[in-house]
Amino acid sequence: MALLTEEGQERNLRIVLTLTCLLLLFNAAKLSRYVKRRPHLRTVAILVVGDVGRSPRMMYHAESFAKLGFKTYIIGYKGSKPVPSLTSLPHVQFLYLPEPPTILKRVPFILSAPIKLAQQAFVILFTLMFSMTYPPEFILLQNPPSVPTLALVWIVGKVRGSKVIIDWHNLGYSILALKLGATHPFVNIAQRFEKTFGRCAYAHLFVTNAMREHLSKNWNLIGRQAVLHDRPPAHFHRCLPPEIHELFLRLGPSLATPALKDFMPTPNPPYSTQFTTTAWVSDELHSSVSYSVNMPKLRDDRVALLVSSTSWTPDEDFSLLLDALKIYEERAREVNGRALSYNSGRLPRIWVVITGKGPLRDVFMSEVARLQEKWAFVRCTNMWLEAEDYPLLLGKAGSADMGICLHSSSSALDLPMKVVDMFGCGLPVCALEFKCLPELVKDGLNGLIFKDSKQLAEQMEALLRSFPKATRLEALRSSLQEATRSHHPCLRRRDDWEWCTWSDNWNRVVKPLVLRDVELSD
């Protein structure tokens, strides 16, 4: 009986194994048919290995594809709110990636990094392979990050037949070199990886002419190539005082900090804010008096507002800004001490708002907090704004008075998108000099270029003297507005400078790449 039992058990085991093999073969056949499905035309997967809401260029890509009738999948991590103009479109679907386990934050980097990389590779590959019913016609990914996304998208493109478009924002290995040093073995490996898997694609998009020339020459890129300069969307514009008034009514509670409360004019909401005011007007009619409130206007006693946007990464040296603010504080004390009248040649109080989040923020802001306890003319605060409020802060004529850009570029081949946003709002910029910056900032036409903190402080003093009637600042703003004003998309201006909206630029450059039936003259 025992022998029969063993024989029965062996027979049952063979049956189970046979059925398991048949099930695996059946699923493998189904998987094979699934994988071999032809890409569905007019579909695109846009891969953002980061917070989707903090990736404006990729959100603008998605919006442009969706408006062209493409079913648009946005793959990335959930965080900040995407722009409302994107979330309201019917053809857009967000596929959010799961975050790595939080327990890894307590594990040493040398152990957690490989686990995070493996987890990230798995979820990206799974999403690209199985989260969309049909393979997308195009997969658009931003670079950097390069590892492991370039290899994963290359594999998916080969297996599923999707056309890969790489949007070159920068070079991933150059950013790694800022942390580890240019000669580190990992940097060399990262460069080889990026070159191997980024060399071949259906199309390559570049943020600058310099990047296109560098990669075409040194990496022998295969695929179509086009330069797509960053340009602002249409909702970035120079704002009117009522918009400014409404914004600062919303922001009012966040400005009631000890550092700002006695520094700026006292608001009286809803009739006035720190930057705007309304006036009561009497109207005598038939022996009765009625009162009405005028439209908001900018206050004459407002402080000058300087804006800088950053992700707080090593390619932006904020110690340079800190030194410039120290110099400005000293100069304001000296100049205003001998000024004969309130406006004649005086330097205003300035409020520097730095928008954005990132790893180096707390170090800088703690040093600022210590210094401004003794400052009389300078305040500097960090503020995170939602997508709909950011252009309003930039675009206030006479309220946001000047932009500052400290971007130095790890590769010297990319351009700061923050400057594009500022130009879109009619805001002149002082920008740190680096190799390809003149593709965007024309010194004296739409901004000023500085080399060090001393020169930045000199430019701030020259532009803001006699504020709010600062003649040099107004001249630069007028020059910028003249250069960006055009009734024709992508019209080339003086000094070989070209300007238009994101939509105009995208339709001219990218649309012919993704629609086979479109003509270049369209």
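Mentor: Start with I46. Its bridge partner is L140, in β4. This is a predicted model, so read every contact as a feature of the prediction. The bridge belongs to the pairing of β1 with β4: strand β1 covers residues 40-51, strand β4 covers residues 136-143, and five bridges join them. The two strands run parallel.

Now step back to the sheet. It has seven strands, in the order β3-β2-β1-β4-β5-β6-β7. The sheet is open, and the pairing is parallel. Find β1 in that order and you will see β2 on one side and β4 on the other. The edges are β3 (92-96) and β7 (222-227). Each edge strand has a single partner, so one side of each has no neighbour in the sheet. From one strand to the next, the twist averages 20°.

Stay on β1 for one more residue. R42 is found in this strand. Its phi is near 60°, which is positive, and R42 is not a glycine. Is R42 buried, partly exposed or exposed? Its relative accessibility is 35%, so R42 counts as partly exposed.

Next, what lies across this part of the sheet? Helix α5, residues 149-160, lies across β1, β4 and β5 (163-168). Against β4, α5 runs at about 170°.

β4 also leads you to another helix. The buried residues of α6 pack against β4, α7 (185-198) and α8 (209-219). Helix α6 spans residues 172-180, and G172, Y173, S174 and A177 in this helix are buried. An α-helix has 3.6 residues a turn, so residues three or four places apart point the same way. Just after α6 comes G181, with a positive phi of about 100°.

How do α6 and α7 sit against each other? Their axes are 9 Å apart, and the packing angle is about 175°. That makes the two helices roughly antiparallel. On the α6 side, the contact uses G172, Y173, L176, A177 and L180. On the α7 side, F186, V187, A190, Q191 and E194 meet them. By type, the residues of this contact are seven nonpolar, two polar and one charged.

In β12, A304, L306 and S308 point one way. L305, V307 and S309 point the other way.

β12 has partners to trace. With β13, residues 350-355, the pairing is parallel over six bridges. There, S309 stands opposite T355. With β15, three bridges do the joining, and these strands also run parallel. V307 stands opposite G403 in that strand.

Now a second pair of helices. α11 takes in residues 318-338 and α12 takes in residues 361-371. They pack at about 10°, with axes 11 Å apart. That makes α11 roughly parallel to α12. F318, L321, L322 and K326 come from α11. F364, E367, V368 and L371 come from α12. This contact has six nonpolar residues, no polar ones and two charged ones.

The P269 to P270 peptide bond is cis, with omega near 5°. P270 sits in the loop between α10 (258-261) and β8 (276-277). A cis peptide bond also joins F467 and P468, with omega about 10°. P468 is in the loop between α15 (453-464) and α16 (471-484). A412, which is not a glycine, has a positive phi of about 65°. You will find A412 in the loop between β15 (400-405) and α14 (417-424).

Finally, check the confidence. The chain has a mean pLDDT of 84, and 82% of its residues reach 70 or more. Over residues 517-522, the pLDDT is below 50. Beyond near neighbours in sequence, that stretch has five contacts in the model.

Conventions
Residues are numbered from 1 along each chain as its sequence is written. This is a predicted model: local features need pLDDT of at least 70, side-chain atom pairs count only at pLDDT 80 or more; totals for chains, interfaces and linings use all residues. Side-chain values use heavy atoms; hydrogens and water are left out. Axes are lines fitted to C-alpha atoms, for helices over the stretch in contact, and angles run from 0 to 180 degrees between N-to-C directions. Helices (H or I, at least four residues) and strands (E, at least two) are DSSP runs, numbered from the N terminus. Angles under 35 degrees count as roughly parallel, over 145 as roughly antiparallel, 65 to 115 as roughly perpendicular and the rest as oblique. Contact means heavy atoms within 4.5 Å. Ala, Val, Leu, Ile, Met, Phe, Trp, Tyr, Cys and Pro count as nonpolar, Asp, Glu, Lys and Arg as charged, and the others, Gly among them, as polar. Two strands pair if DSSP finds at least two bridges between them. Buried means under 20% relative accessible area, exposed over 50%, partly exposed in between (1.4 Å probe, protein chains only). pLDDT is the predictor's confidence in each residue, from 0 to 100.
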